[in-house]
Amino acid sequence: MRKLLYISLATAAIFLGSCSDEDFADAYRDPSTVTQTTVPKQYAGFMKINFEDVIPAYWNYFTVLRSTSLSYTQGHGFTNITGRYVPGAAVNDRWSRYYKFITQYRELEKVMASLSPGDQAANRIFTVTSTIYLYDHTAKMIDNFGDIPFSEAGKISSTGGDYTLALAKYDNQTELYVKMLDDLKAFSTELNTITLNEGIETSFKNQDLINKGNLVMWKNYCNSLRLKLLNRVSAVPAFTARANSEIAEIIAEAKIVDESAENIAFKVYTQDTDLDTSGFFDALEAAGYNNNLAPKPMIDHMNANSDPREAWLFEKGTTATEYTGLDPALGSAAQDNLISTGKIAIYNRSVISRNDWLPGTLINAAEVNLILAEYYARSGNAATAKTHFEKAIRQSIEYYVRLGDKADDTQFKPTVEPTTAEIDAYIAKINFAGATTPVTQLELIAFQKYIHYNIMQVDESWAEQRRLKLPALTFMEDETSPTRKTPPTRWTYPASESIYNTDNYNAVKDKNTLGTKIFWDVK
């Protein structure tokens, strides 16, 4: 399929660097020369364009996450080198991929608008589901950057290729969350009534790379995304009442991803396309980078409580007799010595880094049940919170054990699965019933989020840790950095924004600091 990826000026600058206006203009093809596409094909192109931000891939993990969110969350062990809390140019890649992604969505909108009213109605499912998927990734962008270009972004095709008319304003992050929540609520209702004719149903199944045309799964995805976003803003005074009432409505409807069989993921079905995780090996195991080191807080918890996930998530260091995580309080020289002598545990190579079949997780049941546990805990319903908390732990254990089912290299895969007795013993040691206040319950819930997300759902982990200020992790200050001595509270915009999207950037430049909080970060 031939597709033109018209990109916004802000995105194009990333690729073109310090070029002249003439060079910049020449980078675009005349819209009149673009090969025509169809709604289903454009829909598939839209879903595929950002797969590296979903399926574990080299570029996202090695270029972006290893030096940013993975370290800020202690999702992996990292050495205390100078500048470790400054995101730098790494975030440019996430920014550029998102705006290629949204440009594909605008092209889908354009193709839809060209249809007759009857055909638009028949193809409505492509608009609804593509927007749900768009909002999932838009929320992640907001959670990382704050205000972002959205409503006017990606529309250069509609301007006839005139990039000066396609400069995109920054939309307010709070208002974008309101829009997403409003639209997702409407989509949830609409998905109850949508019917597909035979031709549309067939094309939708063929082009839907996420749920293969399953409308029930799209409904579950929609409501679970709503649940996550509502929970994230629940402490913001302007959202608290809405969050609590709509979460209760979602629970009552019972259309969410709360069972493992309902997990929503961008799955790998074949190794014959580029939609696979083959690059994850280099992202985690590249010589000299040590991106797969185990973090001390997670390992210490697992050792103390006999966590059944430990052998499935980690391997002992090559010279170690027990699991040891890298201590973030040590100086870099001491850390390097422990790493070079094989004392530090690493992420399991069979289950994780060498597994070419890892799914790109979007929403999973353990995650949802931890959100429900938090909701019930803050509502004062400790018994129901405990039910969802323990269910989430069982699902998380199952999730990581099942990841090993299709491991290509089984050399490091555990040979015995956790028993029911071992799982029960772990849950008993955690003892949610012994946490008698919402505060202490939240501490347990937050730590389980930390374990479950680890390196597999880094965006969610960083957002939740900033929102909750839990787990209470220790970081050594970077005394040598003139810019940032502790982990930041957001990423900063690419430098190209101030150069090529100057007027719009100037409207938000005062917020463009590493210490500016995202609007839901109110603790």
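This is a predicted model: local features need pLDDT of at least 70, side-chain atom pairs count only at pLDDT 80 or more; totals for chains, interfaces and linings use all residues.
## The pairing of helix 6 and helix 8

Helix 6, covering residues 91-113, packs against helix 8, covering residues 124-145, with axes 11 Å apart and an angle of about 155° between them. An angle over 145° counts as roughly antiparallel, and the two helices are therefore roughly antiparallel to each other. The crossing of helix 6 past helix 8 is left-handed.

On the side of helix 6, the residues that meet helix 8 include Arg94, Trp95, Tyr98, Phe101 and Met112, while those that helix 8 brings to the contact include Phe126, Tyr133, His137, Met141 and Phe145. Sorted by class, the residues of this contact comprise 14 nonpolar, 6 polar and 1 charged.

## The largest cavity

Searching the whole structure gives 4 cavities of 30 Å³ or more, and the largest cavity holds about 220 Å³ of space. Its lining consists of 22 residues, among which Asp53, Thr361, Met456, Gln457 and Asp459 lie nearest the centre.

At least two lining residues come from each of helix 4 (58-65), helix 8, strand 6 (360-363) and helix 22 (458-468). The lining of the largest cavity is made up of 9 nonpolar, 5 polar and 8 charged residues.

## The second largest cavity

The second largest cavity contains about 80 Å³ of space, and the residues lining it are Asn50, Asp53, Arg94, Tyr98, Phe101, His137, Lys140, Met141 and Asp459. Helix 6 and helix 8 are the elements that supply two or more residues to this lining. By class, the lining of the second largest cavity divides into 3 nonpolar, 2 polar and 4 charged residues.

Definitions and conventions:
Residues are numbered from 1 along each chain as its sequence is written. Side-chain values use heavy atoms; hydrogens and water are left out. Axes are lines fitted to C-alpha atoms, for helices over the stretch in contact, and angles run from 0 to 180 degrees between N-to-C directions. Helices (H or I, at least four residues) and strands (E, at least two) are DSSP runs, numbered from the N terminus. Angles under 35 degrees count as roughly parallel, over 145 as roughly antiparallel, 65 to 115 as roughly perpendicular and the rest as oblique. A crossing is left-handed if the near helix is turned anticlockwise from the far one by less than a right angle, and right-handed if clockwise. Contact means heavy atoms within 4.5 Å. Ala, Val, Leu, Ile, Met, Phe, Trp, Tyr, Cys and Pro count as nonpolar, Asp, Glu, Lys and Arg as charged, and the others, Gly among them, as polar. On a 1 Å grid over the protein atoms alone, a cavity is a set of points where a 1.4 Å probe fits but cannot get out, and a pocket is an open set with protein on both sides within 12 Å along at least five of seven lines; lining residues have an atom within 4 Å of a point. Grid points are joined across faces, edges and corners, and a volume is the space filled by probe spheres set on the points.
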